[in-house]
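Please look through the structure below with these numbered comments beside you. They take up the nonpolar cores, then the domains, then the chain contact and a pair of helices.

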Amino acid sequence: MKPRRWQLALAALAVLASAACTAGTENGPAKPQAGSTPDRRPVTITMWHGFVADNELKAFDDALAGFRAKYPWITVKTSKAVQDDQIIQAARGGNPPDVALSFTTDSVATFCKTGVFQDLKPYMSASKVDESIFPKVIAEYTQYQGKRCVMPMLADTYGLYYNKKLMKGAQPPKTLSELSALAKKCTVRDAQGNIKVAGFVPSSQMYENAPIHTGAMVGAKWTNPDGTSAIGGDPAWQQLMKWQKDLVDWFGYDKLEKFRKSLGDEWSAANPFMKGKVAMAIDGEWRNAMIATDAKGLDYGTAPMPVADDKPQLYGGGFIAGTIIGIPRGAAHSDAAWELVRYLTTDTGALVSLSNALRNVPSTLPALQSPKLDKDPNFQTFLDIFANPSSSTLPAHINSVFNQQTLQEAQIKWESGRAPDLDALLAEVDKKIDDKLKLTAGD
Amino acid sequence: MATTTFGRRGAAEPARPKGRHRGSLVALLYLSPWLVGFSVFFGYPLIATVYFSFQRYDMFTLEPVGWLNYRYFLQDEAAWTSIRNTLWLVVVMVPLRVLFGLGVAQLVTKLKAGTGFFRTVFYLPSLVPLVAGTLGFVYLLNPGTGPVAAILSAIGLPSPDWFGDPAWAKPGLTLLALWSVGDLMVIFLAALLDVPKQLYEAAALDGAGAWRQFFHITLPVIRPVLMFAAVTGVIQTLQYFTQAMVAARVASGGTDSAGSVFVPGYPDQSTLTFPEWLFHQGFRDFAMGYACVLAVILFVVSMVFTLFLLRQFRGLEEEA
């Protein structure tokens, strides 16, 4: 029996649909040529990055100038202010840049699993890149299921900033109970009980207080080796959340929210720590550069984040993440692209130059030890945190954003008092994360 | 015996004049831009969406998963919360906007002086870009630094944490929608000015007061316009996205730094709308197969709503 015309038309559309949805999947990564005779024919490669500010762009251009001097036959054309979704769309459309840089590690699992970025292990082997130049923790956020599809280019570490004047000579806290005591001592209220100066804002909604950062204070675990949620089963999360809630309750949730919402923009000169409205704050190493620019007179110090009272061994470490860089699939000039990636991620001179300009932590151990690296006591704290073996990161996970979002949502409910049963709340978090894992990654 | 073989059409069927074929072809030719556009931008995406909804699709690879995405929808609490929120907006925000728009238009028609000025004043907010308007509203209603809180505090009244309290977040968005009611006001104004004056004069002679005139003359005459406002309002609200997203992001104080994720629907998913959840699934979590399930559901619900309202609309036309 002959198929009817409409059946043929539907079949054609279905074929079209399946063809369209697999766009860009047929091209595997190009085989690296590194190690063979280098091809020095002039080539122009494209690079997308997310830098926007003038000082960042200048620092990056300076680093690229070093690359041009070393590889004069490779011309690099850069595009600024690019986000992850643009990289994905370009790779999907089969017209990606040769090199792409991302400021977040949240998409690494997706990048590696879907092949948006090429596996760099063959390139690393061919170029004999020694992985021991990177601190061990970096491997957790630059690879997924044994596939390293991105390299680290500079790192961010998180520690505690404290205002010496507001602390009135007190030493930075090393434990959560010390942090609570000092936070209370340094808090100033008006006659109506409104907060004028907060010793510390414990809310998970405060700038850098997201659980991804504060979890390192208690050594909390996110996931099990099979990718399922470890949150409900790890008492560290309960320890952290109970400590936060106790301190939030001391301030009064409504008073604390009113104060939090009156604070200036985190990324401007109106940042409350820089304005002396908060005595202690969790923040990244970049704050040093911002203080140097916008709050020159601020008398402050830095220290590792306080840790759980019963886990003193964690002190000195912190949370680590960073900028990542890789070669999207379908890149037209993979070999030249690899030279650029290798240069920006392993060349000590390039990393030191970028670190000195951007005040981010260089991501290799040799760069950390370079005498050319500008150091002062406040920045040194973050270099030490980076090198500390108890520092941790959020391992790459296919649902990284969803997992963080689900826990943070639960934290907000908990600290506001809108969810009184912490066990049930975290069990719900586990269920949501596990269900989502089945949806996106299968059993 | 001589036999005659006939074509499929049969001998009895008269031959179609050539002109009719040509006419059909010409008609198709004229229609072709629309047909191509419809097929490429509506037909194909619709079929592809249904197809993807049965796949695990991360924007690169496809894996058939049968009904898995649909089963996940049934247990996805956030999706159901977003449906409840969207329905709340349809049930509360749309009627309020229609009533408020009608009220403002009615007031403007009654003005003796300054009509042009007030028309402009009420219409202008609807020209403000959605993001800018929402940012302005979140600032005005900020419990810490907003002028509304300061005024309420000065007269001894407590100020709610509008976009930070789940109980107040949707009313806050409704206020924003009422502020920008100018688009509806203009339509109602035109409809009100179109009501024949003689009807009011006759009713006044018969002793009908303002309310009776409104209910027995104005409303029946402008009913088609009201229905139009309701239909477009419902469809727009089913796609409500920008204001909810911006308000939640700003009110949460979330940053764009690496490691800081945005919690959609802040606070406690009270502003999470269905299209927003769809967007997050597809373009933040890369669960495009599941996002397609949500898109299919949105399409079906929108069609049902539209057909229902259009049927009501047709009934009104027949009555008229």
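1. In this predicted model, the largest nonpolar core has 142 residues, and M280(A) and L340(A) touch the most other members. A nonpolar core here is a set of buried Ala, Val, Leu, Ile, Met, Phe, Trp, Tyr and Cys residues joined through C-beta atoms within 7 Å, where buried means that 20 or more other C-beta atoms, placed from the backbone, lie within 10 Å of the residue's own. Strand β6 (residues 151–163) of chain A gives the most to this core, namely eight residues; strands are DSSP runs of E of at least two residues, helices are runs of H or I of at least four, and both are numbered from the N terminus.

2. Because domain 1 (38–155 + 320–387) and domain 2 (157–318 + 396–441) of chain A both give residues to this core, it lies between them. The domain bounds come from an automatic or database domain assignment.

3. Leaving out residues up to four places away in sequence, L340(A) touches I45(A), M47(A), F67(A), I74(A), V76(A) and V99(A); two residues are in contact if their C-beta atoms, placed from the backbone, lie within 7 Å. A second, separate core of 22 residues includes F137(B), F163(B), Y240(B) and A244(B).

4. How far apart do the C-alpha centres of domain 1 and domain 2 of chain A lie? The distance is 29 Å, and the contact takes 22 residues from domain 1 of chain A and 18 residues from domain 2 of chain A. On the side of domain 1 that touches domain 2, α16(A) has the largest share, with seven residues.

5. The contact between the chains takes 46 residues from chain A and 36 residues from chain B, and α17(A) gives the most to the side of chain A, with eight residues.

6. In chain B, helix α3 (residues 77–110) and helix α7 (residues 166–179) pack at an angle of about 35°, with their axes 10 Å apart; axes are lines fitted to C-alpha atoms over the stretch in contact, and angles run from 0 to 180 degrees between N-to-C directions. Among the residues making this contact are W88(B) and F100(B) of α3(B) and T174(B) and L178(B) of α7(B).

7. Residues are numbered from 1 along each chain as its sequence is written, while chains are lettered from A and ligands numbered from 1 in the order in which they are written. Local features need pLDDT of at least 70 and side-chain atom pairs count only at pLDDT 80 or more, whereas totals for chains, interfaces and linings use all residues.

Conventions. Buried ≥ 20, exposed ≤ 12 C-beta atoms within 10 Å, placed from the backbone.
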